[in-house]
Amino acid sequence: MWNDARFLNVIANALAVLAAFVLLVAGVLWLVQRPVFALTAIELESASQEEPLSYVTPEGVRSAIAGRLHGNFFTLDLDEARQVLESAPWVRRASVQRVWPNTIKVSIEEQQPLAFWNENQMINTWGEVFTANLGELADDEELPRLLGPEGAESLVVQRYAELARWFAPLTLQVRRIELSPRYAWMVDLSDGMTLNLGRDPGADAPDPHGLPGALPFAARIQQFVQVWPDVVRRLEGRTVKEADLRYPNGFALTLAELPNNSLRKKH
């Protein structure tokens, strides 16, 4: 075998190719580790061409990713980088791409706050709960407060949207909604009035204590909204503290006290 010149030539050629390959790999590894390819910049842009970034800041992003991104221009795991960036405050979605030779460009879909949720969180316009620095909200930004059991976010947002739509013609805004663990509703309006809506027959969780004959949520609100302008005229300027909508055929009002009198009417 060792006297076969053709075989020896094949072995020599194979070794030469292997050596060239090893040198090539070593060269590539040496090249990609050069400092010129170390990531030195992150470009942030809004995923919406119409809306600039309002809440996401370079400082907040740098703080969130500090020490968590590994690799350089060539070795950075883009999917891992995306997950890290999505943990930054106010970031709902992020997409990452490389920009030669030492930059990554991040396209960000910001959280759009709809309301405060429970004690120290917010809920966005997609009905998702998120945590962010509340101090970064604009001073003139007024958000309603939604409260409810864990897992009820979608239901509370749905009811908020329905209420906002029903009360808009009355120039009233929903300031606060509370859903109890038994799925009963309390609502505060912008004029200071509180609505007691009782148990929601359309809620996701069954309530063994629910009263028979309860009106559907929308029917209760519609009934109240339709007669409210006439009720306001009859009240002649009196302030309503609470409206109890749990009655099947009407509602009860609790009026603010006069200097020497308190009054409760049922309509």
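Here is a quick tour, from the whole chain down to single residues.

This is a predicted model, where local features need pLDDT of at least 70, side-chain atom pairs count only at pLDDT 80 or more, and totals for chains, interfaces and linings use all residues. Residues are numbered from 1 along each chain as its sequence is written, and side-chain values use heavy atoms, with hydrogens and water left out. The protein chain has five helices and 13 strands; these are DSSP runs numbered from the N terminus, with helices being H or I of at least four residues and strands being E of at least two.

**The chain as a whole**

- Of the chain's 267 residues, 33% count as buried. Buried means under 20% relative accessible area, exposed means over 50%, and partly exposed is in between, using a 1.4 Å probe and protein chains only.
- The chain exposes about 16200 Å², and carbon and sulfur atoms supply 54% of that. Areas like this come from the Shrake-Rupley method with a 1.4 Å probe, and for residues only the protein chains shown count as cover.
- Take the contacts with a separation of 6 or more: 48% of them are between residues 24 or more positions apart. A contact here means heavy atoms within 4.5 Å.

**Two nonpolar cores**

- A nonpolar core is a set of buried Ala, Val, Leu, Ile, Met, Phe, Trp, Tyr and Cys residues joined through side-chain atoms within 4.5 Å.
- The largest one holds 36 residues, and F167, L195 and W228 touch the most other members. Among the elements that each supply at least two residues are helix 4 (153–167), strand 10 (194–199) and helix 5 (217–235). Helix 5 gives the most, with seven residues.
- What does L195 touch, leaving out residues up to four places away in sequence? The list is F167, W185, M186, V187, L189, F224, A243 and L245.
- There's also a second, separate core of 23 residues, which includes Y55, V61, W90 and A94.

**Aromatic rings**

- Rings of Phe, Tyr and Trp (its six-membered ring) pair if their centres lie within 6.5 Å; planes under 30 degrees apart count as stacked, over 60 as edge-to-face, and the rest as tilted. By this rule there are six aromatic pairs.
- Y55 and W90 are stacked, because their ring centres are 4.1 Å apart and their planes sit at 15°. This pair links distant parts of the chain: Y55 is in the loop between strand 1 (41–46) and helix 2 (58–65), and W90 is in the loop between helix 3 (78–85) and strand 2 (91–99), 35 residues apart. Both Y55 and W90 are buried.
- F224 and F251 are edge-to-face, because their centres are 4.9 Å apart and their planes are at 70°. F224 is in helix 5 and F251 is in the loop between strand 11 and strand 12, 27 residues apart.
- F224 is buried at a relative accessible area of 1%, and F251 is buried at 3%. Ring pairs link F167, F224, W228 and F251 into a cluster.
- R92 lies over the face of W126, at 3.8 Å from the ring centre. A charge sits over a ring if NZ of Lys or CZ of Arg is within 6 Å of the ring centre and within 35 degrees of the ring normal.

- Most residues other than glycine have a negative phi, and most peptide bonds are trans.
- The peptide bond from W100 to P101 is cis, with omega near 0°. P101 lies in the loop between strand 2 and strand 3.
- W90 isn't a glycine, yet its phi is positive, at about 75°.
- Y183 also has a positive phi, near 65°. Y183 sits in the loop between strand 8 and strand 9 and counts as buried at 12% relative accessibility.

**Two residues in neighbouring topics**

- Is T103 buried or exposed? T103 is buried, with a relative accessible area of 9%, and belongs to strand 3 (residues 103–110).
- S95, in strand 2, is partly exposed, with a relative accessible area of 39%. S95 and R82 are 13 residues apart in sequence and 6.0 Å apart in space, C-alpha to C-alpha.
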